[in-house]
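This report sets out the secondary structure, surface and side-chain pairings of one protein model. The sequence and structure are shown first.

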Amino acid sequence: MFTAIFTPLARFFGSHPDIGQWYTTIFRWVFPLLALALLLKVIRSLLQAENPAEKWATLRLPNGSELPLTHWENVLGRAKSCDLIVPLASVSRNHGTLVRDEEGVWYYNDLGSKSGSFINGKPVTEKTPISFVDTLTVGGADLKLMPVPAAERRQNIRRRLFFSRPESPWSSLLLLTFFQFFAALQFIVAYGEDCPAGAPLSLLCLAALMWVYYFAMRGLKRVAFEMETIAFFLTTLGFCVCATAARDHLLTEFAALVLGLALFVTLSWFLRDLDRCKKARLPLIALGVAALALNLVLGQVTYGARNWISFGGFSVQPSELVKLVFVFAGAATLDELFQKGNLTVYVIFSAVCFGALGIMGDFGTALIFFTTFVVISFLRSGDFSKLILILGVAAAAGFMILRFRPVVAGRFAAWGHVWEYASTAGYQQTRTMSAAASGGLVGVGGGNGWLHNVAASETDLVFGVLAEEWGLLIAVLAVVCIVTLGVFAVKSISSGRSAFYTIAACAGTTFFVMQTILNVMGSVDLLPLTGVTFPFVSVGGTSMVVSWGILAFLKAADTRQNASLAVSVKQRKEKGGADYEEA
């Protein structure tokens, strides 16, 4: 089939080189325009859509005033950091938590307050359901949980539907499909009759898979596709890099994309049930420890790090897979944030990860894990846990410095002046910068570059390959995509249904952002070259699968109407009543 369709095109461009040159000359400018147009639409839709604060219930104080409950998880106390501030000296700083589950049932839990808590006169010693108009007594003050009036609830629903409605994805998906089609044609132009079948075919199959996913999600009444469109755009660039620098891996890369997309859908569905997620945490941590142990025993040393396991012609990087477990281990609901046992498990698992990465000598991945640990620790911190978190961070940092000091010294030797070591330690960075400079704003055209001849061009130096062949504009847009996902994760904190989802989203985006920073800045000598991948873009099956898996945590934090599989359409209709229809 490929021969029947593409070989005549390859022969035509081979016999008419002038037409091929004109095609490349014109479409060098078309590609960045297509990328800019589709990303402007997608990014605007993702960042402009708002989830306005909704009132789920109110807490009536003794003086008759009411505190609105605008989150599903609330801390009650006299501290200014509390969601529900009760300004009484008899109330502890963090007195208790008031949490709503997915079925609309509220629960109260005392946080070891000095004066205790009571529901209808009965002491609260564990997580206890509380009904509307029940009396909650804290610090001697009687509070009442009150429902939101039906008229106000309907108004909340109308505001949500109006402000959170995403833009139609049709035009952005069409623009991306044009990009993929013209990119496939570009490789036929560049390689002529020597064009490998996988180069154009993988891009067209990617386009087909993208549309299958879109129609499948529309069939499930989902309406928001901005994050997936960003991921498909980055994956398209990754396939372009693969077609240039690792043609033999195109089939493997497409198989990894299919697995990654399946993992994304499965995780999005799995994250729908918080209780299920909490039960899976310990088994996943055990699997993560086992994966790291297996890596230590069977791992092969590549570029100074023992981070790959090969079997049956395939290679797997367990430390990449452990990123998913690390997010699960760090994420927690509001009640769990105040449980010392939950925090201890997370700190111990983090220490195991740092130790294993230290023994493997994988400095780049260790630095990414450490940064994510700091971010999760910041988001998890409560009054009783600050000390242990600070000690954990300090101990991990001290261990990393001691373990990696010889390696770091070698990596830092050429940092900042690689041109002085252009034939040795600075070989890769100097070639990357030269290639990027030769590409200019719009590049030399896919398949026409030379940086792919340098080792690790398809992984550590992908920013240089993008800048050389597709132009600095597209390379920068790839970075903007990752930044956009990070901004969305930060915005999700204010509207998240649970601390679990917001912490997981921020942890996932920390992996993305740190990988991008180290990959891009390392390749152009702004930071030492650490050998980490660019999410979705760097060639590598494990990296592709894990990138899509991490995206599921960001998608689960999207609380817009019918945006994510993490929120059941049926459940939302039941809770909102007849007015709560699909957007």
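## The mixed sheet

Five strands make up an open sheet with mixed pairing, arranged in the order S4-S3-S5-S6-S9. Its edges are strand S4 (84-85) and strand S9 (128-130); each has a single partner strand, so one side of each is left without a neighbour in the sheet. Strands here are DSSP runs of E with at least two residues, helices are runs of H or I with at least four residues, and both are numbered from the N terminus. Two strands count as paired if DSSP finds at least two bridges between them.

Within this sheet, strand S5 (residues 96-100) and strand S6 (residues 106-110) are joined by five bridges in the antiparallel sense. Leu98 has Tyr108 in S6 as its bridge partner. In general, strands of a sheet pair through backbone hydrogen bonds, either parallel or antiparallel.

## Basis of the model

The model is predicted: local features require pLDDT of at least 70 and side-chain atom pairs count only at pLDDT 80 or more, whereas totals for chains, interfaces and linings use all residues. Residues are numbered from 1 along each chain as its sequence is written, and side-chain values use heavy atoms, with hydrogens and water left out.

## Overall composition

The protein contains 19 helices and 14 strands. Of its 583 residues, 55% are buried; buried denotes under 20% relative accessible area, exposed over 50%, and partly exposed the range in between, with a 1.4 Å probe and protein chains only. Among contacts (heavy atoms within 4.5 Å) between residues at least 6 apart in sequence, 68% join residues at least 24 apart.

The accessible surface of the protein is about 24,000 Å², and carbon and sulfur atoms account for 65% of this area. Accessible areas come from the Shrake-Rupley method with a 1.4 Å probe, and for residues only the protein chains shown count as cover.

## The antiparallel sheet and its salt bridge

A further open sheet has six strands in the order S2-S1-S11-S10-S7-S8, with antiparallel pairing. Strand S2 (66-69) and strand S8 (122-123) are its edge strands, each pairing on one side only. Strand S1 (residues 57-60) runs antiparallel to S2, and four bridges join the two.

Arg60 has Glu66 in S2 as its bridge partner. Arg60 and Glu66 also form a salt bridge, with the closest N and O atoms 3.0 Å apart. Both residues are partly exposed: Glu66 has a relative accessible area of 38%, and Arg60 one of 33%.

## Further salt bridges

The structure holds five salt bridges, each defined as a side-chain nitrogen of Lys or Arg within 4 Å of a carboxyl oxygen of Asp or Glu. One of them joins the side chains of Glu228 and Lys555 at 3.2 Å, N to O. This pair links distant parts of the chain, since Glu228 lies in helix H6 (residues 226-245) and Lys555 in helix H18, 327 residues apart. Glu228 is buried at 2% relative accessible area, and Lys555 is buried at 3%.

Another salt bridge connects the side chains of Asp275 and Lys278 at 3.7 Å, N to O. These two residues are three apart in helix H8, and therefore separated by about one helical turn. Asp275 is partly exposed at 47% relative accessibility, as is Lys278 at 27%.

## Nonpolar surface patch

Leu294, Leu296, Val297, Leu298 and Ile359 form a nonpolar surface patch whose accessible area together is about 470 Å². Patches consist of residues with over 30% relative accessible area and no salt bridge; like charges are joined within 9 Å, and nonpolar side chains (Val, Leu, Ile, Met, Phe, Trp, Tyr) within 5 Å. Helix H8 (residues 274-298) supplies the largest share of the patch, four residues. Leu296, found in helix H8, is partly exposed, with a relative accessible area of 30%.

## Aromatic pairs

The count of aromatic pairs is 39. The rings of Phe512 and Phe536 have centres 5.6 Å apart and planes at 50°, so this pair is tilted. The pair links distant parts of the chain: Phe512 is in helix H17 (residues 499-523) and Phe536 in the loop between H17 and helix H18 (541-556), 24 residues apart. Both Phe512 and Phe536 are buried.

Rings of Phe, Tyr and Trp (its six-membered ring) pair if their centres lie within 6.5 Å; planes under 30 degrees apart count as stacked, over 60 as edge-to-face, and the rest as tilted. Ring pairs also link a cluster of residues, including Tyr23, Phe178, Phe233 and Trp470.
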